[in-house]
Amino acid sequence: MSRHEGVSCDACLKGNFRGRRYKCLICYDYDLCASCYESGATTTRHTTDHPMQCILTRVDFDLYYGGEAFSVEQPQSFTCPYCGKMGYTETSLQEHVTSEHAETSTEVICPICAALPGGDPNHVTDDFAAHLTLEHRAPRDLISLPRPRRNSKIVVALYINSCLEVDFEMGGSAGLLAAMSYFGPNSKMCQTVRMLPHCISNG
């Protein structure tokens with residue numbers, strides 16, 4: 001069993017511990033080892049009511065998934081940072097947040113960024129629904145996902161760019177549809193998108 005290198009339990013202060021690691025999705029940079037999590041460790045800022053994301057070490061993660069690249073089809077379990085419900089895949093977490101917490105704006109840690117190897121374990125967002133849409137949506141669900149609540153030009157541009165990346169790799173018209181939805185069918189943005197060689201127009 002490998003260790004969580006560079007990580008210390010914030011309750012017992014043991015560093016580079018083995019086994020499961022539990023990260024609080026409310027408190028910034030707060031981690032517990034399995035023993036302290038199971039014993040219900042708390043502080044003045046952290047309570048047992050706070051949602052926690054279970055994190056495997058990279059070696060344990062590779063062993064568990066057989067060395068295969070991670071995909072939304074695999075049974076990785078994510079925790080909702082708002083209500084604490086567990087057992088979600090990337091796709092089902094997106095669906096849950098969209099239907100139950102779309103208007104919630106509390107700052108939380110992204111459980112997907114925290115749990116996946118190479119992710120940012122302390123990525124804080126105050127618009128988790130938009131973060132999921134921009135960073136963690138499944139390509140096949142791209143068009144059906146809700147548009148970001150923040151209609152800033154930067155967020156919209158990032159969203160359309162991510163759509164176009166999927167269009168380029170898989171073929172499709174998600175980028176054009178997104179541009180039409182945000183800017184209108186006769187906008188300069190749509191004209192630009194239509195000129196891209198990999199864009200498939202729906203007429």
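Reader: Why is Asp 31 called buried?
Author: Asp 31 has 2% relative accessibility. Buried means under 20% relative accessible area, exposed over 50%, partly exposed in between (1.4 Å probe, protein chains only). So Asp 31 counts as buried. This is a predicted model: local features need pLDDT of at least 70, side-chain atom pairs count only at pLDDT 80 or more, and totals for chains, interfaces and linings use all residues. Residues are numbered from 1 along each chain as its sequence is written, and side-chain values use heavy atoms, leaving out hydrogens and water.

Reader: What makes Arg 21 and Asp 31 a salt bridge?
Author: The N to O distance is 2.8 Å. A salt bridge needs a side-chain nitrogen of Lys or Arg within 4 Å of a carboxyl oxygen of Asp or Glu. The pair therefore qualifies. Arg 21 is in strand β1 and Asp 31 in strand β2 (residues 31–33), ten residues apart. Strands are DSSP runs (E, at least two residues), and helices are runs of H or I, at least four, both numbered from the N terminus.

Reader: How do you know that Lys 23 forms a salt bridge with Asp 31?
Author: Their closest N and O atoms are 3.2 Å apart. Lys 23 is buried, and so is Asp 31. Shared partners join Arg 21, Lys 23 and Asp 31 into one network.

Reader: Is Glu 38 buried or exposed?
Author: Glu 38 is at 56% relative accessibility, so Glu 38 counts as exposed. Glu 38 forms a salt bridge with Arg 20, the closest N and O atoms being 2.8 Å apart.

Reader: Why is Arg 20 called partly exposed?
Author: Arg 20 has a relative accessible area of 35%, so partly exposed is the class.
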